[in-house]
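Reader: I would like to learn how to read a helix and a ligand site. Where do we start?

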Amino acid sequence: MIEINRLLIVGVGLIGGSLALALRKAGIVQEIVGAGRSEHNLKRAVELDVIDRYSLNFADEVSNSDIVVVATPVRAMNSIFEIIATTDYHDSIITDVGSVKKPLIELSEKFLDSSYTGLVPAHPIAGREHSGVEAACAELFKNKQTIITPAKNTGSHAVEKVKKMWLAAGSSVAEMDVEFHDEILSASSHLPHLAAFGLVHYIANHKNRQECFELAASGFYDFTRIASSDPVMWRDICSANAVPILQELNGYIRKLQEISTCISVGDIEKIQEIFKGAKNSRDESLRLNSR
Ligand code: NAP
């Protein structure tokens, strides 16, 4: 069991707010302090009992917090780390929740002392298409996985603390190499979001747009649910993980081209083989993940 005296969450939105609620529910934090750009959001987070209080100048809160969780969109982390570097952060653990991990390691190399062992890059593989503190939920991480991708200097004491924090929030925890994380997530998470955004944008510009949307059934909404996700967050992920994403996107385009060729030459056996393989793989993966 972990005890946290003070937890500082920079970016009290869906993920930061859900972590606060989950840890509050677990009863392991004395005080949760929120920080962000907008006082309006932070006031709302206090009203919703997600945080105890907020600070508009989070630099003042870093040194007296046991753990600092950076939960902003990935590109905003640059300015956050620039501020953290001006503080006495050395005895605090700094972790994040960003969907891409390599940029975080690069930020730590740019802004933090090379002797600092308290940085723990982390990514909860949990989320939804809604954003902001209003969407935060204590159960978000229950039965989900959090991946920790330690940096060169990350100390085992810091990893253990952050691990315990995520376990208390209901998540299981695994460690992974940073490059491998970004490569796998580009296929399993980033590519599906691009496919959903791309499909809806295509239909939205279709000559029969109105009829397409009027006749859209649950299949369309199942496939495109994640196209309602936050555009800023996904813009940042595309830019932060461009190389692996382009590789997976090109592989997917080749697969669609293969299907297109099969349709144009009437190769119905091949089409059925691709669809059958896809169905079996999805059914099997669902079965394994729901165990
Ligand atoms: P969110 O709901 O939009 O929350 C982001 C928070 O960051 C907001 O409270 C925002 O508040 C604050 N913020 C934005 N820019 C800021 C800045 N420059 N300085 C300080 N605060 C700033 O987004 P989210 O879904 O929680 O995502 C947060 C992080 O979690 C992202 O890095 C994302 O990659 C990662 N993640 C998301 C999911 C998901 O499914 N959503 C899953 C796993 C990981 P203000 O506007 O008031 O500043």
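Author: Start with contact, which means heavy atoms within 4.5 Å. Buried means under 20% relative accessible area, exposed over 50%, and partly exposed in between, with a 1.4 Å probe and protein chains only. Helices (H or I, at least four residues) and strands (E, at least two) are DSSP runs numbered from the N terminus. This is a predicted model, in which local features need pLDDT of at least 70, side-chain atom pairs count only at pLDDT 80 or more, and totals for chains, interfaces and linings use all residues. Residues are numbered from 1 along each chain as its sequence is written, and side-chain values use heavy atoms, with hydrogens and water left out.

Reader: Is α1 mostly enclosed or open?

Author: α1 is largely enclosed by the rest of the structure, because 10 of its 13 residues are buried. Among them are Leu14, Gly16, Ser18 and Leu23. The buried residues of α1 pack against β1 (4-10), β2 (29-35), β4 (67-70), β7 and α6 (156-168). Glycine 27 follows α1 and has a positive phi, near 70 degrees.

Reader: Which residues are closest to the ligand?

Author: A residue is near a molecule if one of its heavy atoms lies within 4 Å of it. Here 27 residues surround the ligand, and the closest are Leu14, Arg37, Thr72, Ser99 and Gly132.
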